[in-house]
Amino acid sequence: MHKSLRWTVPLAALGVAGLGLTMPGAASAATSTTYQASLQPVALNTPAGAASGSVTLALSGSTATITEHVSGLAPQLPSDTTTLNALGIPSAFAGAPFPHVQHIHINGQNGGCPTSSADANHDGLITVTEAADNYGPIGTTLSVKGDTSPKSAADVTIAPGGGSFTYHRTITLDQATLTALQSGKAEVVVHGLNPANAPKASLTTDNSLGVTLPGANKKVKAIATAPALCGALTTSQMSATPVGSSPTGGGSTAGLEDGALLGVGGGLILAAGGIFAMRRRYARQS
Ligand SMILES: [Cu+2]
């Protein structure tokens, strides 16, 4: 009889602690939201299937950690300076990785990429200006270093380059971009068309913003600035589910409360050890 009485104490403690482990209130609020974009060819400018990309943006407060993979874009600028000069690109860039300025565009019309109907003047090319009617103005410049404001939108010296690249950077988003992102009105656009498959008009038409690159004596042609890839940033389904909110309370948790739970768990293990020690002691006595 004495033995069974003493056993009830640790078992009860175990029961209470066990309840604590499954309390839904223990789930912590998610502090990070993940947005994703699948980058697709912009109609007319990039042939279907020729290039693609993906973007993941983890947002915590106003801090965005962006990881992007692209492939199939224009790899390299021409190495012959006559061709370069005709395009309005300074000789210093001969043979360099093709710069791909890229941005988060905000507050567009329909949350999608421009279709061929965006080609207002029917020249077979969707220019920056024609596309912006669809996907909105620039909120953030996804540069590899330095300024990320719209002011650096056309700065090819801090743009990623090459036909395939991985871009990874943590930046602070301004309020306009933040608001648009959280309202589902933000898109990633990668610019710069591949001479191998771009619309002919892109080689002969000045860029629609009137940009002249430093060191060039004429406006850069639209091929360097027209949108190649585009994709809306949307909250991914998995991260949209608050952490630890499953009906059984069995979801994983994050943050300080984890430590508290682990502490309880550790206590349980100690309690169990005590029980086994008692069991051995009782076994010896009997
Ligand atoms: Cu852009």
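Which backbone oxygen does the side chain of His105 reach at 2.8 Å? The side chain of His105 goes to the backbone oxygen of Gly136. That is a polar contact, meaning a pair of N or O atoms within 3.5 Å; within protein, one must be able to donate a hydrogen and the other to accept it, and residues adjacent in sequence count only if both atoms are side-chain atoms.

## What you're looking at

This is a predicted model, where local features need pLDDT of at least 70 and side-chain atom pairs count only at pLDDT 80 or more, while totals for chains, interfaces and linings use all residues. Residues are numbered from 1 along each chain as its sequence is written, and side-chain values use heavy atoms, with hydrogens and water left out.

The chain has seven helices and nine strands. Helices (H or I, at least four residues) and strands (E, at least two) are DSSP runs, numbered from the N terminus. Out of 286 residues, 40% count as buried. Buried means under 20% relative accessible area, exposed over 50%, and partly exposed in between (1.4 Å probe, protein chains only).

The accessible surface of the chain is about 14,400 Å², and 61% of that belongs to carbon and sulfur atoms. Those areas come from the Shrake-Rupley method with a 1.4 Å probe; for residues, only the protein chains shown count as cover. Now for contacts, meaning heavy atoms within 4.5 Å. Take the ones between residues at least 6 apart in sequence: 71% of them join residues at least 24 apart.

## The copper site

Three histidines hold the copper ion at 2.0 Å: His103 through ND1, His105 through NE2 and His191 through NE2. Donors here are N, O and S atoms within 2.8 Å of the metal (3.2 Å for Na, K and Ca); water is not among the atoms, so sites may look incomplete. Along the chain, the donors follow the spacing H-x1-H-x85-H.

Are His103 and His105 buried or exposed? His103 counts as buried because its relative accessibility is 3%, and His105 is buried with a relative accessible area of 3%. His105 sits in strand S4. Leaving aside neighbours within four places in sequence, His105 touches a list of residues that includes Tyr135, Gly136, Lys185, Val189 and His191.

Helix H3 covers residues 128–135, and its buried residues are Val128, Glu130, Ala131, Asn134 and Tyr135. Looking down the axis of H3, these buried residues fall within an arc of 160°, so they line one face of the helix. The arc is that of the directions from the helix axis to the C-beta atoms. As background, an α-helix has 3.6 residues a turn, so residues three or four places apart point the same way. The buried residues of H3 pack against strands S4 (102–106), S7 (186–191) and S8 (227–232). After H3 comes Gly136, with a positive phi near 85°.

Helix H4 (residues 175–182) has Thr177, Leu178, Ala180 and Leu181 buried. Its buried residues pack against S1 (33–41), S2 (52–60), S4, S5 (138–141) and S7. Just after H4, Gly184 has a positive phi of about 70°.

## The loop between H5 and S8

Asn207 lies in the loop between helix H5 (201–204) and S8. Asn207 is buried, at 5% relative accessible area. Its side chain reaches the backbone nitrogen of Leu209 at 3.1 Å and the backbone oxygen of Val211 at 2.8 Å.

How many salt bridges does a search of the whole structure find? The search finds one. A salt bridge is a side-chain nitrogen of Lys or Arg within 4 Å of a carboxyl oxygen of Asp or Glu. Asp206 pairs with Lys221, and their closest N and O atoms are 2.9 Å apart. Both Asp206 and Lys221 are in the loop between H5 and S8, 15 residues apart. Asp206 is partly exposed at 35% relative accessible area, whereas Lys221 counts as buried at 13%.

Thr46 is in the loop between S1 and S2, and counts as buried at 9% relative accessibility. Thr46 and Asn194 are 148 residues apart in sequence, yet their C-alpha atoms are 7.7 Å apart in space. The side chain of Thr46 also reaches the backbone oxygen of Ala228 at 3.0 Å. Setting aside residues up to four places away in sequence, Thr46 touches Pro41, Ala51, Leu193 and Ala228.
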